[in-house]
Amino acid sequence: MYRIDFNKLRFLICDDNPHMRRILRTLLHSFGAREVYEAEDGATALEMYTHYVPDIVITDWSMPIFDGLELAQMIRQPESKGNPYAPIIMLTGHSEKRRVTVARDAGVTEFLAKPISAKGLYQRIMNVVANPRPFIKTKTYFGPDRRRNTTNTYIGPERRGSGEVEVLQQPSLLEKARSTI
């Protein structure tokens with residue numbers, strides 16, 4: 001078990017609802033975070049992302065200008081400004097399997113259905129900090145490995161093809177955020 005010093009992490013919250021942003025900011029502050037930046041739409045979030053280079057992005061799915069899904073896709077461009085490896089936690093009131101799959105395929109690291117709880121948010125953050133998944137780069141995808149269980153013996157229909165696949169180890173947030181206590 002690790003103790004995480006949230007004060008060492010930078011967060012970007014992106015949600016068009018000011019009440020939801022306040023709830024998230026309050027929760028992050030209660031966990032110990034101090035650097036919490038806020039955006040009310042995807043365009044502002046992308047600008048703030050390139051300027052502040054947050055360690056973790058928490059975004060709503062549905063927003064004006066462009067949504068959280070488009071934001072995730074823009075962050076995951078390997079040639080984009082900022083850190084394309086930053087964990088992205090997607091918030092939404094729509095948690096159907098189809099939406100989770102679409103978010104995963106856009107490069108979202110974790111998915112959290114609204115209404116959120118402090119425990120649910122904390123667990124997602126701990127997971128992206130302590131258990132980062134390797135990143136996969138193919139012709140059509142760049143993002144965290146979409147499979148949580150990586151067994152080499154899997155032979156089912158969703159087995160990754162034998163095309164060119166590059167597996168990249170994501171820079172770990174654990175060393176940055178580990179508490180010295």
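Reader: Is I65 buried or exposed?

Author: This is a predicted model: local features need pLDDT of at least 70, side-chain atom pairs count only at pLDDT 80 or more, and totals for chains, interfaces and linings use all residues. Numbering starts from 1 along each chain as its sequence is written, and side-chain values use heavy atoms, without hydrogens and water. Buried means under 20% relative accessible area, exposed over 50%, and partly exposed in between (1.4 Å probe, protein chains only). I65 has a relative accessible area of 65%, so this residue is exposed.

Reader: Where is I65, between which elements?

Author: Helices (H or I, at least four residues) and strands (E, at least two) are DSSP runs, numbered from the N terminus. Phi of I65 is near 65°, a positive value in a residue other than glycine. Most residues other than glycine have a negative phi. I65 sits in the loop between β3 and α3 (68-75).

Reader: What is the phi of V53?

Author: V53 lies in the loop between α2 and β3. With a relative accessible area of 30%, V53 is partly exposed. Its phi is positive although V53 is not glycine, and the value is near 45°.

Reader: Which residues does M48 contact, beyond its neighbours within four places in sequence?

Author: M48 belongs to helix α2 (residues 42-52). It has a relative accessible area of 15%, so it is buried. Contact means heavy atoms within 4.5 Å. With those neighbours left aside, the partners of M48 are L12, Y37, E38, A39 and V53.

Reader: How far apart in space are M48 and E38?

Author: E38 is among the contacts of M48. The two are ten residues apart in sequence, and their C-alpha to C-alpha distance is 8.4 Å.

Reader: What is the relative accessible area of T59?

Author: T59 is also placed in strand β3. Its contacts, leaving aside neighbours within four places in sequence, include C14, G68 and L71. T59 is buried because its relative accessible area is 0%.

Reader: Which peptide bond is cis, with omega near 0°?

Author: Most peptide bonds are trans. Here P115 lies in the loop between β5 (110-113) and α5. The cis bond runs from K114 to P115.

Reader: At what angle do α1 and α5 pack?

Author: Axes are lines fitted to C-alpha atoms, for helices over the stretch in contact, and angles run from 0 to 180 degrees between N-to-C directions. The axes of α1 (residues 18-31) and α5 (residues 118-130) are 11 Å apart, and the angle is about 65°.

Reader: Which residues of α1 and α5 make the contact?

Author: Helix α1 brings L24, L27, L28 and F31 to the contact. From α5 come A118, L121, Y122 and I125.

Reader: How many residues does the protein have, and what share counts as buried?

Author: The protein has six helices and eight strands. Of its 181 residues, the share that counts as buried is 44%.
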